Amino acid sequence: MDQTALTVHQTARPLGFPTAGHFAFVEGPLPEPAAGCALVENLYWSVDPYHREMMDDVPGGFALGAPLEGRALGRVVASRTPRLAEGEIVFHRRGWRTHAVVTPEEVRLLPRFDGVPLTAFLGILGGTGLTAYVALTRIARLAAGEDLFVSAAGGGVGTAAGRFARLLGAGRLVGSTGSAAKAGHLVREVGYDAVFDYHEGPAAELLRDAAPGGVDVFVDNVGGPQLAAGVGALREFGRIVRVGTISQYNHPDAPPPRFDHADIVEKSIRMEGFLVSNYRDLQEELYDFAVPHLQSGRLASDETVFDGFEHIVDAFLDMLSGRNTGKIIVRRGS
């Protein structure tokens with residue numbers, strides 16, 4: 001086992017897009033677990049859009065000069081509690097570091113499902129997949145045959161939402177993404193019927209071309225003009241599920257989306273946002289829904305994987321720039 005540990009610290013608050021200069025890798029001695037704790041050697045890390053929000057000077061945001069938090073999977077390598085055995089694989093939120101000292105209350109022991117890779121617990125079986133599942137089944141209450149629009153369809157939540165919607169019997173499935181290559185992948189591999197590159201013109205026109213008859217449900221990961229376009233495309237009794245506003249994370253001064261607010265009343269539209277942390281009690285339900293389909297091959301996990309903890313900042317910046325397809329994960333190097 002390594003005798004030193006690396007952590008990633010944020011060194012400054014970004015204005016607009018962050019750069020590698022806003023982070024520092026800090027080396028230190030391998031931490032020793034106190035009584036009641038265990039030392040975890042991390043194997044996989046998640047980088048997520050919400051990390052960008054946490055970089056700003058906001059309540060609960062990242063502190064400067066301190067290790068960053070995030071989702072991770074690791075192996076217990078030293079334990080001073082009978083509740084965590086050495087060799088156990090655990091999920092925890094003390095990521096962005098090669099090693100973490102955790103208490104039993106801070107981790108979740110992971111079940112092992114035949115044929116399902118560990119990385120799925122950070123993607124389609126983790127917070128990413130749970131977000132998509134909650135959006136469709138609890139907030140939108142998607143019914144079989146209903147048409148769906150998903151913004152940022154090529155990201156982790158977008159690909160999971162597309163695949164889950166197909167399993168739930170959705171009708172026409174439309175998405176937006178940032179490149180023609182990703183649009184092609186979403187149609188060929190994920191199950192979308194039409195996907196547009198939002199760079200190619202006004203979002204309202206592109207969505208109208210992709211869904212000329214409108215949609216019943218809009219899962220919005222983006223905000224901005226695409227949110228306005230979604231409001232216009234919704235049919236009577238349409239639902240908007242607000243998951244994120246990634247279009248504004250790096251542009252805090254961007255004007256709010258402009259749309260006809262009368263549409264909300266006249267079409268009886270409902271808009272609701274949620275935090276997936278309030279739905280963790282549905283984790284087992286997600287396993288029951290998704291795992292059999294993963295094992296049968298009917299469901300796949302879309303991932304972009306970076307090798308080596310030293311590339312975690314690169315992975316994060318690529319994710320913010322939309323260079324990934326599906327969930328972006330960092331894997332421990334050799």
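This is a predicted model: local features need pLDDT of at least 70, side-chain atom pairs count only at pLDDT 80 or more; totals for chains, interfaces and linings use all residues.
1. The place to start is an open sheet of 6 strands, which follow one another in the order E10-E9-E8-E11-E12-E13 with parallel pairing. Strand E10, residues 194-197, and strand E13, residues 270-273, stand at the edges, and since each has a single partner strand, one side of each is left without a neighbour in the sheet. On average, and with direction ignored, neighbouring strands of this sheet are turned by 15 degrees against each other. As background for looking at any such strand, the side chains in a regular strand alternate between the two faces of the sheet.

2. The chain makes its way from E11 to E12 through helix H6, residues 224-233, in a β-α-β crossover that is right-handed. Strand E12 itself spans residues 234-242 and pairs with E13, again in the parallel sense, over 4 bridges. Here the residue to look for is Arg242, which stands opposite Gly273 in E13.

3. Helix H5, made of residues 203-210, lies across strand E8 (148-150), strand E9 (173-177) and E10, and the angle at which H5 runs to E10 is about 160 degrees. Which residues of helix H4 are buried? In this helix, which runs over residues 180-190, they are Lys182, Ala183, Gly184, Leu186 and Val190. The cover over these buried residues of H4 includes helix H3 (156-167) as well as E9 and E10. After H4 comes Gly191, and the phi of this glycine is positive, near 115 degrees.

4. Thr177 has its place in strand E9. Is Thr177 buried or exposed? With a relative accessible area of 3%, Thr177 is buried, because the cut-off for that word is a value under 20%. If its neighbours within four places in sequence are left aside, Thr177 is in contact with Gly154, Lys182, Ala183, Leu186, Val195, Phe196, Asp197 and Tyr198.

5. A buried residue in another strand. Leu39 is found in strand E3, which is formed by residues 38-46, and it is buried, with a relative accessible area of 2%. How far apart are Leu39 and Gly175 in space? Going from C-alpha to C-alpha, the distance between these two residues is 42 Å, while in sequence they are 136 residues apart.

6. Empty space. Rolling a probe the size of a water molecule over the atoms shows where empty space is left. The second largest pocket has a volume of about 300 Å³, and its lining is made by 14 residues, of which Arg71, Phe91, Arg93, Arg108 and Arg280 lie nearest its centre. Strand E7 (107-109) and helix H2 (127-139) each contribute at least two residues to the lining of this pocket. As for cavities, the count comes to 1 of 30 Å³ or more, and the volume of the largest cavity is about 50 Å³. The residues that line the largest cavity are Gly123, Ile124, Thr128, Gly156, Thr159, Ala160, Ser301, Asp302 and Lys327, and the largest share of this lining, 3 residues, comes from H3.

7. Two loop residues with positive phi. Most residues other than glycine have a negative phi, and this is the background against which the next two residues should be read. Arg141 is found in the loop between H2 and E8, and its phi is near 55 degrees, a positive value in a residue other than glycine. At 58% relative accessibility, Arg141 counts as exposed, because that word applies to values over 50%. Ala152, for its part, lies in the loop between E8 and H3, and its phi, near 50 degrees, is likewise a positive value in a residue other than glycine. Where the relative accessibility of Ala152 is concerned, the value is 25%, so that Ala152 counts as partly exposed.

Methods: Residues are numbered from 1 along each chain as its sequence is written. Side-chain values use heavy atoms; hydrogens and water are left out. Two strands pair if DSSP finds at least two bridges between them. Axes are lines fitted to C-alpha atoms, for helices over the stretch in contact, and angles run from 0 to 180 degrees between N-to-C directions. Contact means heavy atoms within 4.5 Å. A crossover is right-handed if, with the strands pointing away from the viewer, the path from the first strand over the helix to the second runs clockwise. Buried means under 20% relative accessible area, exposed over 50%, partly exposed in between (1.4 Å probe, protein chains only). On a 1 Å grid over the protein atoms alone, a cavity is a set of points where a 1.4 Å probe fits but cannot get out, and a pocket is an open set with protein on both sides within 12 Å along at least five of seven lines; lining residues have an atom within 4 Å of a point. Grid points are joined across faces, edges and corners, and a volume is the space filled by probe spheres set on the points.
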